[in-house]
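Q: Can you walk me through this one? I'd like the symmetry first, then the strands.

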There are 4 protein chains.
Amino acid sequence: MALDDLTERLATRFQPIRDRSAWLVEPLNEADAAVQSTPDASPAKWHLAHTSWFFETFVLIPNLPGYCHFHPLFGYLFNSYYDAVGARWTRSQRGLLTRPTLEEVLVYRRHVDNAMAELLASDVSREVAALILLGLHHEQQHQELLLTDILSLFARNPLCPAWHKELAMPAGKAAAFCWVECAGGIAEIGNDGKGFAFDCETPRHRVLLQDYALANRAVTCGEWIDFMADGGYRTASLWLADGWTASISEGWQCPAYWQRQGDDWYEMTLGGLRLVNREAPVSQVSFYEADAFAAWRGARLPTEAEWESAAASQTQQITNDDRTLAPKPQSGEGLTGLFTDVWEWTASSFRPYPGFHIPPGAVGEYNGKFMSGQMVMRGGSCVTPSSHTRATYRNFFQPEKRWQFSGLRLARTL
Amino acid sequence: MALDDLTERLATRFQPIRDRSAWLVEPLNEADAAVQSTPDASPAKWHLAHTSWFFETFVLIPNLPGYCHFHPLFGYLFNSYYDAVGARWTRSQRGLLTRPTLEEVLVYRRHVDNAMAELLASDVSREVAALILLGLHHEQQHQELLLTDILSLFARNPLCPAWHKELAMPAGKAAAFCWVECAGGIAEIGNDGKGFAFDCETPRHRVLLQDYALANRAVTCGEWIDFMADGGYRTASLWLADGWTASISEGWQCPAYWQRQGDDWYEMTLGGLRLVNREAPVSQVSFYEADAFAAWRGARLPTEAEWESAAASQTQQITNDDRTLAPKPQSGEGLTGLFTDVWEWTASSFRPYPGFHIPPGAVGEYNGKFMSGQMVMRGGSCVTPSSHTRATYRNFFQPEKRWQFSGLRLARTL
Amino acid sequence: MALDDLTERLATRFQPIRDRSAWLVEPLNEADAAVQSTPDASPAKWHLAHTSWFFETFVLIPNLPGYCHFHPLFGYLFNSYYDAVGARWTRSQRGLLTRPTLEEVLVYRRHVDNAMAELLASDVSREVAALILLGLHHEQQHQELLLTDILSLFARNPLCPAWHKELAMPAGKAAAFCWVECAGGIAEIGNDGKGFAFDCETPRHRVLLQDYALANRAVTCGEWIDFMADGGYRTASLWLADGWTASISEGWQCPAYWQRQGDDWYEMTLGGLRLVNREAPVSQVSFYEADAFAAWRGARLPTEAEWESAAASQTQQITNDDRTLAPKPQSGEGLTGLFTDVWEWTASSFRPYPGFHIPPGAVGEYNGKFMSGQMVMRGGSCVTPSSHTRATYRNFFQPEKRWQFSGLRLARTL
Amino acid sequence: MALDDLTERLATRFQPIRDRSAWLVEPLNEADAAVQSTPDASPAKWHLAHTSWFFETFVLIPNLPGYCHFHPLFGYLFNSYYDAVGARWTRSQRGLLTRPTLEEVLVYRRHVDNAMAELLASDVSREVAALILLGLHHEQQHQELLLTDILSLFARNPLCPAWHKELAMPAGKAAAFCWVECAGGIAEIGNDGKGFAFDCETPRHRVLLQDYALANRAVTCGEWIDFMADGGYRTASLWLADGWTASISEGWQCPAYWQRQGDDWYEMTLGGLRLVNREAPVSQVSFYEADAFAAWRGARLPTEAEWESAAASQTQQITNDDRTLAPKPQSGEGLTGLFTDVWEWTASSFRPYPGFHIPPGAVGEYNGKFMSGQMVMRGGSCVTPSSHTRATYRNFFQPEKRWQFSGLRLARTL
């Protein structure tokens with residue numbers, strides 16, 4: 001893309017994306033926005049401040065002459081994990097920061113937005129434009145996390161609060177299960193240099209695939225109930241050893257936000273406690289559970305290369321859907337729902353692509369240093385901003401984590 | 001006291017004491033009132049709700065015909081530790097309850113207050129009157145905890161927020177240190193049946209004391225700085241073994257809320273970060289530190305019997321002071337400041353008095369079951385309501401705890 | 001005692017006491033003597049070496065000219081907790097020391113014994129004689145610990161090994177339960193300067209007692225089975241809060257070394273797995289359990305002053321019994337079994353006596369620094385050397401510990 | 001291989017391999033053989049018993065009519081992790097089993113060996129022969145672990161014991177560092193059905209490689225000292241985030257068994273404490289350290305496919321070397337030392353090969369259930385039996401583990 005086009009596009013997109021973050025916290029009170037439900041999750045207010053700190057630290061301070069720090073301590077409070085940038089507040093204690101207030105953080109955001117508007121009105125170099133684009137995708141990542149973290153908080157509250165009480169749960173029927181066959185051979189995966197991508201999606205490279213098949217849709221809640229009824233959570237032979245240990249020590253009996261009432265299963269959603277929809281994709285399951293489910297079905301999880309190769313032709317699906325903020329039943333022909341409802345655990349560890357290099361500078365800490373101990377998820381979920389999804393996207397979490405909209409799609413070798 | 005008098009007095013005192021709790025949270029925002037700084041501390045909102053639950057559960061439900069539960073889950077959420085009353089929310093997770101909101105809790109308080117007004121306007125038995133009086137002292141205990149817990153939260157925030165920014169720090173000079181000699185012999189301690197007392201202050205009984213002396217005032221911050229300068233925190237021989245282990249593992253170098261800036265020591269107070277006042281009593285130190293300090297001075301901590309015996313004649317001091325919400329320099333003749341600035345660690349473990357019996361019913365869990373692993377503190381602090389102090393009062397905490405206004409007064413055997 | 005008499009008596013007693021330690025490990029193989037069952041317990045070999053290190057460090061090096069260190073690292077390896085003497089091996093890792101071998105440790109013992117014989121043949125000062133006497137009582141303490149620690153190891157082994165397979169379990173009937181009344185008033189407790197005592201037994205001082213009664217004998221296993229059958233381990237209201245928490249988290253259902261087989265209870269003893277003897281005193285119970293049992297019986301534990309005052313006239317019992325290495329049924333008139341079968345938990349925290357001072361020098365760390373967080377046990381057990389018991393003895397352990405021969409005797413206020 | 005040939009070969013190999021296990025413990029005393037240095041390691045005696053239990057459980061009981069269990073509890077005590085076979089003793093408590101004695105375990109071994117001799121003298125099916133072969137490779141795995149675990153124990157002992165004091169440390173010079181270029185393209189890896197392989201080495205399959213280069217030899221101790229001197233352990237930007245966290249919390253400053261004395265580095269070896277040989281491959285480093293070292297050198301670790309593809313032509317190296325029980329300087333032309341000195345960490349997570357299926361039966365738990373959270377190591381070490389190495393071998397450990405003979409070889413993409 002020509003630099004002028006890119007800058008113009010950034011100028012157009014910047015404020016709407018930023019505004020959406022603030023919109024997400026509108027239903028929250030000051031406490032909802034401040035509390036940290038677990039060390040993994042962050043307070044909503046922290047997400048709002050951290051994403052602004054990102055622009056301030058990596059874009060404004062080096063590039064906008066005369067830019068004035070908003071507050072001398074905010075760099076310390078809202079740095080997430082960038083060692084090169086300096087000391088930082090302990091992650092597990094983000095919830096202690098009842099000050100600054102939400103209003104003060106929103107003022108901070110406007111301070112940064114105003115400075116960014118000034119910068120975007122000027123000539124910016126390609127490097128700076130790339131950093132701004134990175135900052136916007138970073139903001140979208142945190143929009144998703146903000147919602148998953150709020151749900152994590154509300155799901156622990158016996159009063160079952162809702163982000164929006166009136167949120168409609170998607171209805172409809174899931175497509176009947178079938179296998180979609182995919183030809184093996186040499187495929188190319190990874191970002192081809194067109195369009196935005198995170199560092200870890202590069203370089204594009206060739207992989208060798210055997211013939212394989214993917215399920216036409218994600219595993220549904222109804223299928224998961226069958227797994228539970230068949231003793232899936234009590235059958236050691238289905239599980240990876242670490243998964244079995246985790247399931248015992250954590251007492252897993254069902255997806256993270258499910259609870260039983262009489263004969264029915266309910267789950268905590270952004271709309272509060274709702275009856276589980278058997279047609280919708282199952283969500284909030286760990287890699288270990290996904291792997292055990294696949295074993296129970298005599299199948300396996302797809303590798304990320306299989307997933308991307310199959311998904312590459314499906315990207316027209318992504319563009320114009322409305323996010324429903326809850327997984328919706330996946331219907332239609334062929335591979336469906338790849339980008340829209342739940343992140344899909346793959347069989348692949350999050351490791352560097354052949355030829356991957358960590359970029360220079362502090363943003364080199366963006367992804368590269370997390371390439372151990374995590375599994376790749378592909379696709380996108382009901383809380384992922386649409387413009388933030390793409391076939392090459394590599395999301396990743398530790399295999400025991402269950403607070404994301406994480407589900408699975410079955411695969412098998414032909 | 002005649003029952004009519006007692007009831008009338010309760011009716012007069014009830015609402016002012018209840019109102020003070022609500023007044024204490026006025027400077028707080030919704031998040032300040034919801035967050036739990038450590039598992040030991042509770043959110044301010046939780047204190048407000050729990051004290052109301054106490055009246056609802058032990059007074060209203062059994063005694064006010066037609067009383068209507070405010071909310072079916074509040075019993076579960078706001079029970080503290082009463083096994084006999086049923087299941088309860090995990091203590092360490094009180095800070096997850098961003099709902100009910102502070103406003104909803106205040107509505108709950110008014111609901112309870114209205115019902116209590118109705119009850120107090122009726123004939124209440126002596127037993128019920130005793131429970132109401134217990135409830136009011138319980139409320140006052142939580143008023144103190146509410147302030148120590150808010151300070152605990154703010155002291156962990158690098159922005160150093162204040163409960164009230166304009167809070168005046170008490171000034172003046174401490175009295176020169178001297179020993180006040182006390183005659184030994186047989187003394188009586190414990191509640192004599194007149195006036196309110198918690199169960200653990202009974203029965204009144206005789207103890208045998210040797211001749212002893214108490215310091216005329218509490219140890220000051222200036223004296224504590226001398227202890228630090230002399231290597232007190234680095235000299236194992238001054239410390240109890242468990243205390244030394246705790247000081248190493250926790251990295252203790254000074255009282256809990258102190259921090260050094262250049263050559264000066266500052267401390268977090270309810271008025272924010274202030275210069276340490278060398279004349280004021282030291283506070284936020286553990287029993288272990290207090291014991292090591294006493295060893296460094298060649299002295300010891302007083303036993304609770306010594307303390308009470310000496311304090312028994314001093315109670316006129318208590319009545320009409322204004323609490324300053326920060327320890328103030330203790331001046332004057334004789335034993336001074338026994339009830340007004342810091343709780344004073346004693347050498348006594350919190351164990352039952354000879355002849356103590358746990359009262360029947362759920363309130364039997366009030367104190368008796370905590371009689372192991374804790375040390376007695378005596379007196380009262382700058383955040384203790386004046387009408388809540390008395391010479392027989394037995395406060396108690398684990399020996400490593402440092403978040404209360406806890407200091408010490410030296411003693412020695414003559 | 002005149003110094004000559006004392007020295008002569010030491011010369012007579014020294015080697016027999018030392019030899020008994022070595023005799024205790026004769027049934028053990030090299031591994032039995034090396035392994036550490038829990039961080040609380042120590043390997044038998046470590047006990048053998050540490051008691052020798054005590055004589056070497058505190059007696060020989062300062063007082064025997066030309067004494068030659070046995071090994072340059074043994075001071076580091078076998079110091080227990082004396083900060084003043086230097087660095088030391090981590091307590092929880094004593095079991096990693098498969099070298100030195102048991103034989104090497106026995107050679108070390110002979111090296112120390114030979115040097116001690118030389119010293120004892122010379123003129124020793126009263127101070128040195130006192131240290132030697134302390135060393136012998138220290139050795140006897142560790143003889144008891146050696147046996148309790150071996151039992152702790154064997155009790156964790158599904159093969160149920162025995163220290164001596166042929167060890168006879170004491171038989172007979174327990175005396176019928178009755179109360180023995182004791183007059184209150186002013187009593188004296190503590191060491192009177194005659195005979196050996198540890199620092200913590202001093203100074204002798206007056207205490208004021210109310211009239212009280214003690215059970216004629218310790219609680220039996222049969223009575224404990226009744227407690228279990230009545231739901232004692234499932235009734236929160238009987239327990240101290242910390243005790244209840246411990247019982248839940250540790251899963252306590254019976255004394256530490258009991259196990260059920262069909263309808264019968266068995267227990268691990270120094271003679272291997274044996275049927276529980278309902279007539280014998282219950283053992284291996286924590287203070288928390290003892291306290292709950294007393295509550296269940298509507299009684300309480302005695303204070304240490306009550307215990308000592310009652311026991312002071314019973315010391316003739318101690319002298320000439322043979323230790324059976326398992327608690328034996330307590331029969332006879334009046335207070336029986338005070339010193340012979342199980343240590344008896346008291347209601348008293350282990351705190352300094354009025355006027356107590358820590359002795360100068362490294363041996364000042366012997367007891368004083370442990371005076372927090374522990375409860376006093378009185379009497380003596382089936383594995384305590386007879387010459388090591390006395391009415392003033394203050395043994396102490398944390399209230400949750402269960403690996404000693406610890407039981408209880410009921411008390412009540414008259 | 002024809003069944004007769006296989007059976008005959010098993011009959012020839014069986015006892016020598018079994019005897020070597022017993023030979024390995026000859027220098028140990030009863031305690032050395034019983035203690036467990038860390039939860040990861042097992043006692044030598046446990047290895048001896050467990051490998052016998054493997055034959056007893058999977059071979060003898062199902063296939064030798066009239067075979068008589070040696071001991072009813074040994075199945076419980078010596079099962080490692082086979083859920084399908086029944087309950088088992090807790091792994092972290094293997095060191096508590098001072099009984100059975102080493103002699104009893106050796107008797108158990110002879111009991112099993114005698115029964116196996118009887119079975120091997122009969123006609124055995126191909127399935128049984130395969131299980132016996134698996135059992136022998138299993139025994140060889142544990143021979144390696146027995147030595148690494150003994151070293152782990154001795155390395156924690158300040159007395160620095162040796163397995164054999166006279167063990168000669170290999171001398172010589174390492175080859176000068178150079179890159180050996182390897183052509184990319186489609187390669188085949190995995191077992192081709194000839195010769196023994198564990199389940200996880202199958203199925204053989206095609207992979208696509210880019211052109212790459214491997215270092216001619218493993219990284220040496222001298223190079224590691226350079227890394228340390230250049231601040232490698234203090235430079236966060238070289239490390240994976242999890243690795244940096246581990247290095248801080250564990251205090252890593254050098255390989256696991258190194259210690260500094262003055263200006264020199266020493267390391268614990270099976271021959272006791274020896275001067276570090278700068279020419280020998282570095283060992284006892286974690287994946288995290290290996291990865292950071294590679295980053296420091298501007299290189300990377302090889303993938304397991306790259307490693308195997310390059311190593312496939314080198315297997316003639318393996319056969320006739322004598323194991324030196326310490327890494328020896330790697331000299332010679334081309335790729336050298338692939339199988340002989342240290343296991344080499346790769347960049348690959350231990351995940352299933354395309355088309356991998358878990359075998360039926362209890363031995364299906366052999367490898368498959370461990371395919372998460374671990375990194376692949378390739379080659380073989382100075383304590384790996386020669387007949388146990390092969391180019392397709394996939395060894396694996398968690399990335400933070402440091403007690404194996406684990407080093408690294410650099411790689412880069414051309």
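**Copies and strands**

A: Chain C can be laid on chain B by a turn of 180° and a shift of 0.0 Å along the axis, with an RMSD of 0.0 Å. The two copies are thus related as by a two-fold rotation axis. Keep in mind that this is a predicted model.

Q: What share of the interface residues of chain C are also interface residues in chain B?
A: 100% of them, so the copies meet through the same surface.

Q: OK, on to the sheet. In what order do the three strands of chain C run?
A: The order is β1-β4-β12, in an open sheet with antiparallel pairing. The edge strands are β1 (179-182) and β12 (411-413) of chain C, and each pairs on one side only. From one strand to the next, the twist averages 25°.

Q: Which helix packs on it?
A: Helix α9 of chain C, residues 304-311. Helix α9 touches β1 and β4 of chain C, and its direction makes about 75° with that of β4(C).

Q: How many bridges join β1(C) to β4 of chain C?
A: Four, and the two strands run antiparallel. Strand β4 covers residues 212-215.

Q: And which residue in β4(C) is the bridge partner of C:Val180?
A: C:Leu214.

Q: Switching topic: what joins β6(C) to β7(C)?
A: A hairpin, through two residues. Strand β6 (residues 264-269) and strand β7 (residues 272-275) of chain C pair over four bridges, in the antiparallel sense.

Q: Which residue does C:Tyr266 stand opposite there?
A: C:Leu275, in β7(C).

Methods: Residues are numbered from 1 along each chain as its sequence is written. Chains are lettered from A and ligands numbered from 1 in the order in which they are written. This is a predicted model: local features need pLDDT of at least 70, side-chain atom pairs count only at pLDDT 80 or more; totals for chains, interfaces and linings use all residues. Side-chain values use heavy atoms; hydrogens and water are left out. Two strands pair if DSSP finds at least two bridges between them. Axes are lines fitted to C-alpha atoms, for helices over the stretch in contact, and angles run from 0 to 180 degrees between N-to-C directions. Contact means heavy atoms within 4.5 Å. Copies are superposed by least squares on the C-alpha atoms of residues with pLDDT of at least 70 in both.
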